[in-house]
Amino acid sequence: MVGEGAEDRMTSQFATHEVFNQSPPFADVNLFTSDRALMEAVNREGGGHAVKRLTAFGAACGSAEAFERGRLANEHPPRLRPFDAKGRRLDTVEFHPAYHECMALSAAEGLHCSAWDHLATPGAPPLPGANVARSAGCYMAIQMEAGHQCPITMTNAALPTLQLQPSLAEWWVPRILSREYDGSFRPAGQKRGVTIGMGMTEKQGGTDVRANTTAAVPAAGSGGPGAEYVVTGHKWFMSAPMCDAFLVLAQAPGGLSCFLMPRFLPDGSVNALAFQRLKEKLGNRSNASSEVEFHGAHAWLVGEEGRGVPTIIEMVTCTRLDCAVASSGLMRLALANAVHHCRHRTVFQKRLVDQPLMSLVLADMALDVEAATALSFRLARSFDRAADEHAAAWRRLMTPVTKYWVCKIAPALAYEAMECLGGNGYVEEGIAARIYRELPVNAIWEGSGNVMALDLLRVLQREPETVEIVLDDLAKAVGGDAHLKGQLTRVQTLLYEPRLLDRRGRDLAEALATLAAATILRAHAPAPVADAFIATRLSGAARHTYGQGLDWADTRAIVDRALPGAA
Ligand SMILES: Cc1cc2nc3c(=O)[nH]c(=O)nc-3n(C[C@H](O)[C@H](O)[C@H](O)COP(=O)(O)OP(=O)(O)OC[C@H]3O[C@@H](n4cnc5c(N)ncnc54)[C@H](O)[C@@H]3O)c2cc1C
């Protein structure tokens, strides 16, 4: 038995040393007001009306409690419960309460739907800046916890596709627009709020969905838009399986088609979705990604038979914006966490942040975060202004470009940010390792790197007028800056060599992304940021790692802007 005072004796007995020169946890940070690049982007791109709300949400997402939620949701990943104790099918997934709390917070903020709030009032126009404001919320929620953003993103993205079938939209849209999260497994009609997932990828093809073998036959008569079908087949990846319905691709008699497949049928019985297992993933662990079979599951046709890809493409486009925003948010968290640590860690009598080589690395990473944030929010604005010809052209051309570049540079940044923490960065208790494991998924899903490059080439071939509008706008933004002019010429050279274009999709995507980012930074970022980005990303010696080519730059100003406040 441990007697009185034993605890003190045990503490002192094993207290061999004092813990010092370790940074305090990165927590209780307002993720909005501490992020100048984000605040400026929100105001610049039309989300100024949401600043008050975003300030409150930034405090909530950056609280110690929120980060703890993120840790718990990932350390206790979801579990599939295919059967109950007596062998009856359950096909449910159990999540840690922390995951549900993240969902409730994001849903209350409207991140799963707020860009579509105008649908609540028939005939009302979209709310100005709604996508920018929502993107800012997602950018911060992803820093609290990344995995739960998957159903949040898919639900938001499902709305434009659902609207193509008014008979279905009428019932589902009002339920989606609810700000209440309801994690219970019940028919959607009995729930306070619903979420929507997506099932496209099969074993034999994810990118090439025309290879889908899952078959759909009309439940009665000849089928048609809005009609009920019976679906048999599988999906190799179907995330967030506790969603209330899924937009699913399947082969109908008229070709590949898009269906809405609910978890429960109108009579209250459970639809025939049998989950095989959950994926064991590199990251994104709080989110469940299932393999599923449809054993004659019932689903309702969205749009025309044979028009599956054009019908679901709006959903896919919206998710691509979210991938870029999510990667930008996680890059910013990785950077802020590294700057915070380096301000508190002393090596050889000098703080790490003041060591010349470290200040170069931190500043160099900050340039990519600035560029990624600027590009992502410019893209969000183009979603808000789709009626404008210039914004529509930007949205079409720059969605694959932005998704490609931001999602591709993010993992390398997360790795470098991890190294700034030394060994502390590599262990799972901190956030650096989790961010690093999370980031590659944004490049892989919703159109992998080559697929984005191919989409860009498709615009060049099929919509030359779109390219012309964006290039004219970029040429105006370039002005007299010699580096920017040089990059514009490079883009034009790539464009007008059609012979080689099919091999240059990645060159062009990267060149366009850096040109566009540089024009935004030149116009709106402080000179130390714009000058350093342009000098290293558009010209200067070739580099493969961070911390080079900036010996002349005001790295202090760049780092202080990246995370203001600390001495
Ligand atoms: C965690 C996670 C969750 C997911 N959740 C879902 C979900 O909820 N719903 C869903 O439907 N899917 C989901 N996916 C699947 C994802 O969207 C696919 O993995 C992705 O679309 C790629 O398809 P694939 O895996 O079949 O690879 P493939 O299509 O075989 O592609 C493999 C590689 O080839 C490249 N490639 C393809 N075509 C070409 C070409 N013509 N030229 C050059 N290169 C090419 C691709 O860029 C990729 O790098 C998820 C994936 C992950 C990792």
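A residue is called buried when its relative accessible area is under 20%. In this predicted model, Cys 113 has a relative accessibility of 0%, and therefore counts as buried. The structure holds 0 disulfides, and Cys 113 accordingly takes part in none, the nearest cysteine sulfur being that of Cys 138, at a distance of 11 Å.

What is the closest cysteine sulfur to that of Cys 318? It is the sulfur of Cys 138, which lies 11 Å away and is therefore too far for a bond, since a disulfide requires two cysteine sulfur atoms within 2.5 Å. Cys 318 is also buried, because its relative accessible area is 5%, a value that falls under the cut-off of 20%.

## The largest pocket

Which elements supply at least two residues each to the lining of the largest pocket? They are strand E5 (228–239) together with the helices H7 (149–162), H9 (308–344), H11 (389–420), H13 (432–438), H14 (440–444) and H15 (449–462). The largest share of the lining, 8 residues, is contributed by H9.

## The second largest pocket

The second largest pocket has a volume of about 630 Å³, and 23 residues line it, of which Asp 368, Glu 510, Arg 537, Arg 543 and His 544 are the closest to its centre. Two or more lining residues come from each of H11, helix H17 (482–495), helix H19 (505–524) and helix H20 (527–538).

Within the lining of the second largest pocket, H11 gives the most, with 5 residues, and H11 is also among the elements that each supply at least two residues to the lining of the largest pocket. By class, the lining of the second largest pocket has 9 nonpolar residues, 7 polar residues and 7 charged residues.

## The nonpolar core

The largest nonpolar core comprises 183 residues, and those with the most contacts inside it are Leu 362 and Met 365. When residues up to four places away in sequence are left aside, Leu 362 touches Leu 335, Ala 338, Val 339, Cys 342, Val 353, Cys 420 and Val 559.

Ala 240 is found in the loop between E5 and strand E6 (245–252), where its phi is near 50 degrees, a positive value in a residue other than glycine. Is Ala 240 buried or exposed? With a relative accessibility of 4%, Ala 240 counts as buried. Phe 348 likewise is not a glycine and has a positive phi of about 50 degrees, and its place is in the loop between strand E10 (346–347) and strand E11 (350–351). Phe 348 is exposed, because its relative accessible area is 73%, a value over the 50% at which that term begins to apply.

Gln 165 lies in the loop between H7 and helix H8 (166–176) and counts as buried, because its relative accessibility is 7%. Apart from residues up to four places away in sequence, Gln 165 touches Pro 225, Gly 226, Leu 301, Val 302 and Gly 303.

Key. Residues are numbered from 1 along each chain as its sequence is written. This is a predicted model: local features need pLDDT of at least 70, side-chain atom pairs count only at pLDDT 80 or more; totals for chains, interfaces and linings use all residues. Side-chain values use heavy atoms; hydrogens and water are left out. Helices (H or I, at least four residues) and strands (E, at least two) are DSSP runs, numbered from the N terminus. On a 1 Å grid over the protein atoms alone, a cavity is a set of points where a 1.4 Å probe fits but cannot get out, and a pocket is an open set with protein on both sides within 12 Å along at least five of seven lines; lining residues have an atom within 4 Å of a point. Grid points are joined across faces, edges and corners, and a volume is the space filled by probe spheres set on the points. Ala, Val, Leu, Ile, Met, Phe, Trp, Tyr, Cys and Pro count as nonpolar, Asp, Glu, Lys and Arg as charged, and the others, Gly among them, as polar. A nonpolar core is a set of buried Ala, Val, Leu, Ile, Met, Phe, Trp, Tyr and Cys residues joined through side-chain atoms within 4.5 Å. Buried means under 20% relative accessible area, exposed over 50%, partly exposed in between (1.4 Å probe, protein chains only). Contact means heavy atoms within 4.5 Å.
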